[in-house]
Amino acid sequence: MIIYDTAIIGAGINGCSCAYFLSKANQNVVIIDQEAIASGGSGAAGAFISPKFTKGGRLKELLEEAYLFSLDFYSTNFPTYIQKAKLLQIANSDENEVRLNAFKETTTLSFSEDSSEAEPILTPYAKESASLVLEEGGVVNAKAMCEALAEGIDFSKEKVKSLHYDDGVWQIGDISAKCIILATGSYDLVVEMPYLELRRVWGHRIDVKTTTKVPYSIHHHLSISPSSEDGTLAIGATHNLHYNPFGDEKYDVEDGRKELLEKALKSVKLENVEVLKDYVGLRSGSNDYLPIIGRVVDADKTMDETFKPSKLKKMSDDSFTHFPELYMINGTGGYGFVLAPYLAKQLTEYITDKTELDTELTPTRFFRRWAKRIG
Ligand SMILES: Cc1cc2nc3c(=O)[nH]c(=O)nc-3n(C[C@H](O)[C@H](O)[C@H](O)COP(=O)(O)OP(=O)(O)OC[C@H]3O[C@@H](n4cnc5c(N)ncnc54)[C@H](O)[C@@H]3O)c2cc1C
């Protein structure tokens, strides 16, 4: 019987990126998904690779590093599945203009204000708005990239309902593994984590055919990809905080298309547009907007009779009880394709080489906040 080094639950961009780096580190890995590779939020993504155009903070710094890392990673290892082009960011409100100007002052990325190649197709409104151009942006073929990352790695189709740990080995149905990574996106968390709530944001994007040639990735009220050779491009995505695909309400695809086209036409004079395909899915974000990677705290075992919430501040993360060899990667929100390779590499090194993880990103931060509140 095989005992895998690691079983990864979830075959989205986060799970597939972990599988890639772990197998490069000579681990024997299996990916388990209830459906197929990129069947969740990842398969719906426009998968634009861009930083966050805002004034500062941890998320901006992280996304700037991840943007550079991931552009290089995808272009070097999987050039077929990334389309690179200049990236034109246009402010879509006064507040957004303030943030864009602050970005210009603080960013380490080089940029220009020369959007001349895109000028002929921009609307007067887009031309008048503050903007900047990055030399490099990218748009990933989401499903193909996930499949390429997972190529050669064992895959098992199964919905994981529970996990059992016995004698140093995790058991998931017939699969045995020394270590587990939960990469379950917006779905249920599989193990009890009362301290963690995810923000689920529904999104819709479309592929269209148009006679207008778009030379850049354009980000304004939404994102428009550069045209492919066959005249198709991606437009995305909507942010719908209220729609829950697991509820009874049916999603109105026509409404979503209308919103996407109206917003795209605010920026670009797209002509002879035909919608080819719709993609819908959930993003999974955290309450503080930062991604989540690291070991999973066992709240039940940590909160035993010796636990004192008043001592939380002084307690190190290591003093909490964690599920044995159980890790997670999640909370990448609308930036999963930017963050996943960057985070998966860090998580791999943490698992295989015992390197440090940024404590601002570990699940433990949510345990601390929750334990303080309920204690
Ligand atoms: C419309 C839309 C547009 C987006 N645009 C961009 C963009 O332009 N750029 C960008 O960087 N990001 C974008 N994103 C965000 C990005 O797609 C997400 O951050 C990313 O998909 C998260 O990946 P994931 O692997 O965590 O989750 P998912 O892709 O949802 O994968 C989770 C997987 O886990 C499986 N699973 C869950 N529970 C179980 C279980 N119990 N047993 C077995 N399998 C299970 C599911 O079947 C699923 O395949 C977009 C997202 C959406 C929805």
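The shell around the ligand divides into 17 nonpolar, 23 polar and 5 charged residues, where Ala, Val, Leu, Ile, Met, Phe, Trp, Tyr, Cys and Pro count as nonpolar, Asp, Glu, Lys and Arg as charged, and the others, Gly among them, as polar. The model is a predicted one, in which local features need pLDDT of at least 70 and side-chain atom pairs count only at pLDDT 80 or more, while totals for chains, interfaces and linings use all residues. Residues are numbered from 1 along each chain as its sequence is written.

Of the 45 residues around the ligand, those that come nearest are Gly12, Gly40, Gly185, Gly203 and Gly336; a residue is near a molecule or strand if its C-beta atom, placed from the backbone, lies within 6 Å of it. At least two shell residues are supplied by each of α1 (13–24), β2 (29–33), α2 (41–44), β11 (198–209), β15 (274–286) and α9 (336–353). These elements are DSSP runs numbered from the N terminus, helices being H or I of at least four residues and strands E of at least two. Strand β15 gives the largest share of the shell, 4 residues.

The domain assignment of the protein chain gives domain 1 (3–40 + 145–197 + 288–374) and domain 2 (83–139 + 199–283), with bounds that come from an automatic or database domain assignment. Both domains give residues to the shell around the ligand, so it lies between them. Taken over C-alpha atoms, the centres of domain 1 and domain 2 are separated by 32 Å. In contact across the two are 4 residues of domain 1 and 4 residues of domain 2, contact meaning that C-beta atoms, placed from the backbone, lie within 7 Å. The side of domain 1 that touches domain 2 has 4 polar residues, no nonpolar and no charged ones.

Helix α9 also packs against helix α3 (residues 58–77), at an angle of about 85 degrees and with the axes 8 Å apart. This makes α3 roughly perpendicular to α9, a term for angles of 65 to 115 degrees. The axes are lines fitted to C-alpha atoms over the stretch in contact, and angles run from 0 to 180 degrees between N-to-C directions. From α3, Leu63, Glu65, Ala66, Tyr67, Phe69, Ser70 and Phe73 meet Val338, Leu339, Pro341 and Tyr342 of α9. This contact has 9 nonpolar, 1 polar and 1 charged residues.

Strand β4 (residues 82–90) pairs with strand β6 (residues 131–140) in the antiparallel sense over 8 bridges, pairing being assigned if DSSP finds at least two bridges. Gln83 has Val139 as its bridge partner in β6. Strand β4 also runs parallel to strand β12 (residues 217–219), joined by 3 bridges, and Leu87 stands opposite Ser217 in β12.

How values were computed: Angles under 35 degrees count as roughly parallel, over 145 as roughly antiparallel, 65 to 115 as roughly perpendicular and the rest as oblique.
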